[in-house]
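The sequence and structure come first.

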Amino acid sequence: MSGALRNLAARQYQRALSEWPRDALRPECQLQDVLTKRLTKNNGSLLPNTSAFNKLTKEAKEQAEIKQANALLSLLENRYKSKYRITGELLKPKSNPKYYSDLVKELEEAPNRTFFGRMAKRLGGIIRFQS
Amino acid sequence: MACPSCRSGLGLLRGPAASSTLRQGLFAESTTTTTARAAALSFSQSSRTSSRRSTNLSQQQSRRIHTTRPCREGESGGGLAGGFRKLLASVAGNQSSSYIAYGATQRIYKDCAKQADYTITPEDRKAGRVKETADGEEIGTGNGSIWHQEFGLLPTFSTWAHVTMLHLYLVVVRLRCLDKDAHATWQAQLVDHFFHQAEEKMDRTHDMSSRVMRQRYLQDLFVQWRGVVLAYDEGLVKGDAVLAAAVWRNLFKGREDIDVRTLATIVSWMRNELKYLDFMEDAGLALHTTLFKSKPDAEFSVVDKLVPSLEKSGAAADVEGVAAAGEAEVKASSQKAAQKPKPTPKFKTAA
C-alpha cells in the first residue's frame, strides 16, 4: 500500500473514531478509546496484535488494514441496521408495547441519577404493583 | 383367510351350508380376538364394541369379516393431532401450557447451546493436561465452530456461556412479541434450561463439586445475563456502533486486541437473524427445527463490501493487486478501474 493510501486510511480511522457514539453508562470501557490507543501505539495501523495477523505478508496486511477500516466505517454508517431493517412488530412487542421506549428513557436518565434517586428506584423495583 | 381372493375361494366349496359355517367360525374367531383386544382398552369402549358386534352378528354374515371402527371426531387426547393443537395453544398463552412450553423451550435451548460447545475429557483431567488462561479459566476442546476458529475465542466456559446467551437473546426478543402470559412462561423456561445446564457443566466438565462455588458462579452468570439483555437491547435500538461495542464488552470481554471486522460480522448476523425472527409466525417458535437461519460466516461478503469513501480513494484497485506507488499512480489506477481492465499475462504461455 502506498504511503498516501496509508495516510488516508489513518485519517479515516481518526475521523471515524472521533465520531463514534460516546457511552454514558460505561465511561471507563469505550471501544473507541481502545482502538485509538492501538492506532497511536502501532503507527496508524489498526491490525490487532494477534498471531493470525502477525504472520501475514506485507500485501496481505495492507488488504487486512483496508478491511478493518471498511468494517469500522460500515458500523458507523449503520449499514446492517438499514440492510436488515425491522419492518414488523418486533420493536413493538405485544407483551409490552412500551418496552423499548421505556428502555431508552431509562438509559438516558440512569447516568445522571443522584444517590437518593437510585435508592428510590431500587425501592420502587422491590415494591411492584401488579397491573 | 379374510382377504377377498381367499373368500372367493370359499364359494367354491361344496354346499352353501359349508361356506356359511366356515364363515361363522371365522367370524366368531375374529369376534373373540376383537373383544380380547377391546378388553385392554377402556371399559366403556370395549362394552360398546362387543355389544355392537353381538347384535350385528347375524346381519353381517353375508358381509366382509373385517370391520373398522368408525372415526370418532372431537376425541380428547387424540394422539399426534391433539399434541400439535396443545403446542400451538401454548404459544397463544393457554393456561395449562407451561408443561408444553418446557419441551419446546428445551429444544430451542439445545439449539442455542450447541453453537460453541466444548469438552474436557476425564482422561485429560486425570493426566493433568487441562490448560488454563491467564485468569485461571480452564480451556477445553472446541467443536470446530466458527466462534472458536474464525472469531478466535478460546473454548472455555465463559465463551460457551456468552455465545449461548447471544443466541438466547435473539430468541427472547422474538418471545417478547407473544402474549404477556405466554412470554413470561416461555422466557422463564428458556432461561431455566440455560442455568440448569450451566450448573451441570460446572459440576461435570469442570469438576466443581462444591455447591457453594457453583452458586456463586451462577449468581455472577445471572448478573451477566441481565447485563447482556440490557446491552444488546440498547444496541438494537440505538445502532450498529453501539451494538458492536456491546458485543465487544460482553462476548470478547472488552479485550484490547479486538478485530473490528469480526465485530461487524457478528452485528450483521444478529440483525439478519432478528429480521428473520420478525417474519416468523408465533407457531414457528414451536414447530421449526432451528430458529437460526444462518451462521455468522455468511456475512463476511456483506461486511467486506467497501464503503464509498474507501472505494473512491482507489482502495478497490489496490485490493485487485495492481502494483502502485505514490499518489499519481493511485489516481491513475482509480481511473483505470473505471475502464475495462486489459489482462496482462504474467507468464509466457506456449500458445
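The sections below describe the basis of the values, the interface and the aromatic rings.

## Basis

This is a predicted model, in which local features need pLDDT of at least 70 and side-chain atom pairs count only at pLDDT 80 or more, while totals for chains, interfaces and linings use all residues. Residues are numbered from 1 along each chain as its sequence is written, chains are lettered from A and ligands numbered from 1 in the order in which they are written, and side-chain values use heavy atoms, with hydrogens and water left out.

## Interface size

The size of an interface is often given as the accessible area lost when the parts come together. Between chain A and chain B about 5100 Å² is buried, counted as the accessible area (1.4 Å probe) that the two parts lose on being put together, summed over both. Carbon and sulfur atoms give 63% of this area. On the side of chain A, the residues that lose the most area to chain B are Tyr80(A), Tyr84(A) and Leu90(A), together 13% of what that side buries.

In terms of contact (heavy atoms within 4.5 Å), chain A contributes 55 residues and chain B contributes 59 residues.

Four salt bridges are found across the interface of chain A and chain B; the rule asks for a side-chain nitrogen of Lys or Arg within 4 Å of a carboxyl oxygen of Asp or Glu. A salt bridge joins Lys37(A) to Glu256(B), with N to O at 3.3 Å.

Helices are DSSP runs (H or I, at least four residues), numbered from the N terminus. On the side of chain A that touches chain B, two or more residues come from each of α1 (3-19), α2 (31-41), α4 (58-76), α5 (79-83) and α6 (99-109) of chain A. The largest share is that of α4(A), with 11 residues.

## Aromatic pairs

Over all chains there are 11 aromatic pairs. Rings of Phe, Tyr and Trp (its six-membered ring) pair if their centres lie within 6.5 Å; planes under 30 degrees apart count as stacked, over 60 as edge-to-face and the rest as tilted. Trp147(B) and Phe151(B) are edge-to-face, at 5.4 Å centre to centre and 75° between the planes. Both residues are buried, that is, under 20% relative accessible area (1.4 Å probe, protein chains only).

Trp147(B) also pairs with Trp269(B): the centres are 5.8 Å apart and the planes at 75°, so this pair is edge-to-face. Trp147(B) lies in the loop between β4 (141-142) and α7 (157-175) of chain B, and Trp269(B) in helix α11 (residues 260-279) of chain B, 122 residues apart. The relative accessible area is 1% for Trp147(B) and 1% for Trp269(B).

Definitions and conventions. Buried means under 20% relative accessible area, exposed over 50%, partly exposed in between (1.4 Å probe, protein chains only).
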